[in-house]
Amino acid sequence: MKVKIFDYEDEIDLEEDINLFLSELEGEVIDIKYQVSASVYSEEQIFCFSAMIVYTN
C-alpha cells in the first residue's frame with residue numbers, strides 16, 4: 001500500500017494533477033481523502049486544496 005499527496009492553491013490544478021495520476025496508475029485506488037482550508041493574510045484570502053490517495057501498486 002502506498003500514498004500520494006497533492007496540495008494546491010487552486011482546485012482546478014488539484015483536479016488536473018489527480019486525474020493525470022489516476023490515468024497513469026496501474027494499481028488500484030483504496031481511498032481518497034480530500035480537504036480544503038482557508039486563511040486570511042492581510043486582506044487576502046488564501047485557500048489550500050489537498051488530497052491524499054491511498055493505492056496499491
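V40 is exposed in this predicted model, with a relative accessible area of 62%, where exposed denotes over 50% relative accessible area, buried under 20%, and partly exposed the range in between (1.4 Å probe, protein chains only). The residue belongs to strand β2, strands being DSSP runs of E of at least two residues and helices runs of H or I of at least four, both numbered from the N terminus. Between V40 and F21 the sequence separation is 19 residues, and the C-alpha to C-alpha distance is 31 Å. The model is predicted, so that local features need pLDDT of at least 70 and side-chain atom pairs count only at pLDDT 80 or more, while totals for chains, interfaces and linings use all residues. Residues are numbered from 1 along each chain as its sequence is written, and side-chain values use heavy atoms, with hydrogens and water left out.

The three strands form an open sheet in the order β1-β3-β2 with antiparallel pairing, two strands being taken as paired if DSSP finds at least two bridges between them. The edge strands, each pairing on one side only, are β1 (2-8) and β2, and the twist from one strand to the next averages 15°. Strands of a sheet pair through backbone hydrogen bonds, either parallel or antiparallel. Seven bridges join β1 and β3 in the antiparallel sense; within β3, V54 stands opposite V3 and A51 stands opposite F6. The antiparallel pairing of β2 with β3 extends over 13 bridges, and Q35 stands opposite S50 in β3.

β2 and β3 form a hairpin with two residues between them. S42 lies in the loop between β2 (28-41) and β3 (44-56), and its phi is positive, at about 60°, although S42 is not a glycine. At 68% relative accessibility, S42 likewise counts as exposed.

Helix α1 (residues 11-24) lies across β1, β2 and β3 and runs at about 15° to β3; here contact means heavy atoms within 4.5 Å, and axes are lines fitted to C-alpha atoms, for helices over the stretch in contact, with angles from 0 to 180 degrees between N-to-C directions. On the surface, L22, V29 and I32 form a nonpolar patch with about 200 Å² of accessible area together. Patches comprise residues with over 30% relative accessible area and no salt bridge, nonpolar side chains (Val, Leu, Ile, Met, Phe, Trp, Tyr) being joined within 5 Å and like charges within 9 Å; a salt bridge is a side-chain nitrogen of Lys or Arg within 4 Å of a carboxyl oxygen of Asp or Glu. Accessible areas come from the Shrake-Rupley method with a 1.4 Å probe, and for residues only the protein chains shown count as cover. V29 lies in strand β2 and, at 34% relative accessibility, counts as partly exposed.
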